[in-house]
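Me: Please take a close look at how the strands pair in this model. I would also like to hear how that picture connects to the rest of the structure.

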Protein chains: 2
Amino acid sequence: MRAMRLHEIGSPLKLSEIPSLAGENDKVVISMKCAALNRRDYWIQHGQYPGIALPVTLGSDGAGTTDGREVIINPGLNWGESVRVQGPDFNILGMPTQGTLAEEVLVPKENVFDKPNHLSWEEAAALPLAGVTAFRALFIQGNAAPLEKVLITGIGGGVALAAMQFAIAHRMEVCVTSGSDDKLSRALAMGAKGAVNYHDPDWIKTLTSTFGGFDLIIDSAGGENFSLMQRLVNPGGRIVVYGGTLGKIQNLSPQVMYWRQMHIIGSTMGSPKDFSAMLLFVNTHHIKPVVDSVFDLAETNAAMDKLRESAQFGKIVIRIAS
Amino acid sequence: MRAMRLHEIGSPLKLSEIPSLAGENDKVVISMKCAALNRRDYWIQHGQYPGIALPVTLGSDGAGTTDGREVIINPGLNWGESVRVQGPDFNILGMPTQGTLAEEVLVPKENVFDKPNHLSWEEAAALPLAGVTAFRALFIQGNAAPLEKVLITGIGGGVALAAMQFAIAHRMEVCVTSGSDDKLSRALAMGAKGAVNYHDPDWIKTLTSTFGGFDLIIDSAGGENFSLMQRLVNPGGRIVVYGGTLGKIQNLSPQVMYWRQMHIIGSTMGSPKDFSAMLLFVNTHHIKPVVDSVFDLAETNAAMDKLRESAQFGKIVIRIAS
């Protein structure tokens with residue numbers, strides 16, 4: 001079977017012919033229809049991840065068939081016993097385990113779920129990692145409630161878009177930020193009530209004058225602007241952090257934190273229970289993940305180039321079999 | 001009646017003879033036995049507080065009698081409807097309202113509670129503000145559970161000591177920090193399992209090698225060391241912030257936050273429900289607040305000097321009537 005493999009840090013992936021897989025006691029082989037890329041794949045390719053074992057088939061997201069059943073894969077392996085936090089054996093499909101950028105992938109039976117009927121193969125492959133990460137950030141760690149105001153930063157990324165779709169379905173009032181006016185327009189068209197460009201030096205003022213404060217902020221950036229966002233949080237409000245692309249958080253005021261009884265909460269991936277709840281939510285609300293573009297398996301390196309530029313709006317999907 | 005009043009920012013308090021108070025519809029006059037000082041009184045005296053109205057009788061903590069009933073006072077006024085956060089009308093007894101450093105104080109009936117029988121007047125006056133702040137930080141915002149490991153910074157302050165006593169009563173394993181070896185010894189004598197001096201450059205290493213990580217940290221400092229404490233938090237753990245004496249928090253890692261699913265939570269004072277629950281806890285466990293020293297009302301300025309030096313271990317109490 002064919003797989004896109006990383007043989008050397010910093011090199012392009014290679015399309016390789018490797019032996020076909022066989023099921024094991026508690027694991028099944030999925031015949032892949034589509035996979036999807038995540039920022040994680042890029043980091044691993046460039047060595048910015050601990051414990052990289054080579055060669056490896058990358059890819060955490062995917063959908064396909066097994067024994068005639070149409071399925072999607074929960075990419076979180078060995079979460080552990082606590083609902084609060086993943087255990088020490090937790091890892092994500094696609095390094096060190098062999099991932100979804102291949103015609104076949106071997107996954108634990110407990111990680112296999114029915115594909116939502118309303119999703120195409122491309123949409124189904126775009127859902128798992130971003131969906132469970134957004135669901136946990138918004139509902140489990142963020143405790144999101146209908147009618148609350150939520151700000152989602154960096155709209156266009158898979159998690160941010162999923163969080164926006166979930167929040168709108170949950171009847172929250174959603175604002176978004178981006179450095180791209182085009183992405184902001186697309187978010188407004190999808191139902192966001194407000195959208196500001198963070199390159200505008202007055203973006204914080206614009207948000208406060210238009211929307212007042214936010215009950216919840218979902219952020220993946222961190223960095224210098226994080227402490228500005230502290231001023232955007234309503235008393236009793238929460239900021240959930242699921243990424244840190246802009247680096248360390250500076251100048252956080254303890255006084256603002258305690259006087260506003262503010263919560264800043266880290267969130268990553270999700271438990272098996274979170275994944276099931278996310279699927280139920282997606283099925284109930286007929287949510288369709290946003291697919292930015294679709295590449296064939298042999299074109300995965302071109303897809304990785306697109307991922308690097310962060311110009312995408314939604315998920316970059318890899319078609320493996322039609 | 002006599003009251004210790006602030007007439008001018010930065011000046012000593014003046015013992016003044018002012019008119020006796022009368023009860024109103026929903027307010028009662030307490031004949032004060034003892035009051036206690038808080039850092040807040042010092043800040044107000046030195047103008048480091050918003051909206052200072054002069055002259056004012058300072059003092060948030062107190063115990064006394066009303067209609068023959070022995071009572072203590074909940075210093076939190078007009079908390080509001082939400083249990084999550086105080087409303088816009090919330091304020092603390094003793095500026096702008098006239099405080100407890102007087103022979104009489106007028107307080108809403110709903111803020112008056114039976115004095116715990118096992119407490120002296122001095123101990124009762126030492127309890128309210130520090131007790132409710134510690135209770136909310138530890139149990140409501142911090143979600144403290146028996147057998148968890150908790151680190152309490154800056155032991156010696158009233159809130160930190162109350163938090164330590166509550167945590168020990170709740171069968172938690174408690175470690176403390178201080179810049180004073182004498183305070184550390186006293187905390188160990190009271191039941192802390194570990195105590196480190198933060199002037200020791202290896203204090204973080206000492207804590208991790210001896211205790212591993214902590215499930216909960218209760219901090220009033222903020223500042224540069226806060227990000228070091230991030231490394232002391234177990235996966236799924238919490239840091240509760242109720243003060244910020246060392247200023248803004250720097251170099252907080254979003255990656256550590258999200259990978260450990262960490263919570264950083266602000267906490268201040270407590271709701272009426274928190275106050276009642278704190279009193280029940282103190283009565284159930286027969287907890288006695290630590291009294292550092294007792295001054296007569298006329299000696300309040302000497303007591304304020306002692307407060308400024310932060311050399312105290314426990315509360316500084318003012319005796320008003322015997």
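**Strand pairing and contacts**

Reply: In β4(B), the residue that bridges to B:Leu6 is B:Val56. This is a predicted model, in which local features need pLDDT of at least 70, side-chain atom pairs count only at pLDDT 80 or more, and totals for chains, interfaces and linings use all residues. Residues are numbered from 1 along each chain as its sequence is written, while chains are lettered from A and ligands numbered from 1 in the order in which they are written.

Let's stay with that bridge for a moment. Strand β1 (residues 2-6) of chain B runs antiparallel to β4(B), and 2 bridges join them. Strands here are DSSP runs of E of at least two residues, helices are runs of H or I of at least four, and both are numbered from the N terminus; two strands pair if DSSP finds at least two bridges between them. The pair belongs to an open sheet of 3 strands in chain B, ordered β2-β1-β4 with antiparallel pairing. Its edges are β2 (14-17) and β4 (56-57) of chain B, each pairing on one side only. Strands of a sheet pair through backbone hydrogen bonds, either parallel or antiparallel.

Pairing also crosses between the chains. Strand β16 (residues 263-266) of chain A is joined to β16(B) by 3 bridges, again antiparallel. There, A:Ile265 has B:His263 as its bridge partner.

Now for the contact around that crossing. Chain B and chain A give 30 residues each, two residues being in contact if their C-beta atoms, placed from the backbone, lie within 7 Å. On the chain B side, the elements giving two or more residues are β15 (233-241), α8 (254-259) and β16 (263-266). Of these, α8(B) gives the most, with 5 residues. By class, this side has 13 nonpolar, 14 polar and 3 charged residues; Ala, Val, Leu, Ile, Met, Phe, Trp, Tyr, Cys and Pro count as nonpolar, Asp, Glu, Lys and Arg as charged, and the others, Gly among them, as polar. Because 100% of the interface residues of chain B are also interface residues in chain A, the copies meet through the same surface.
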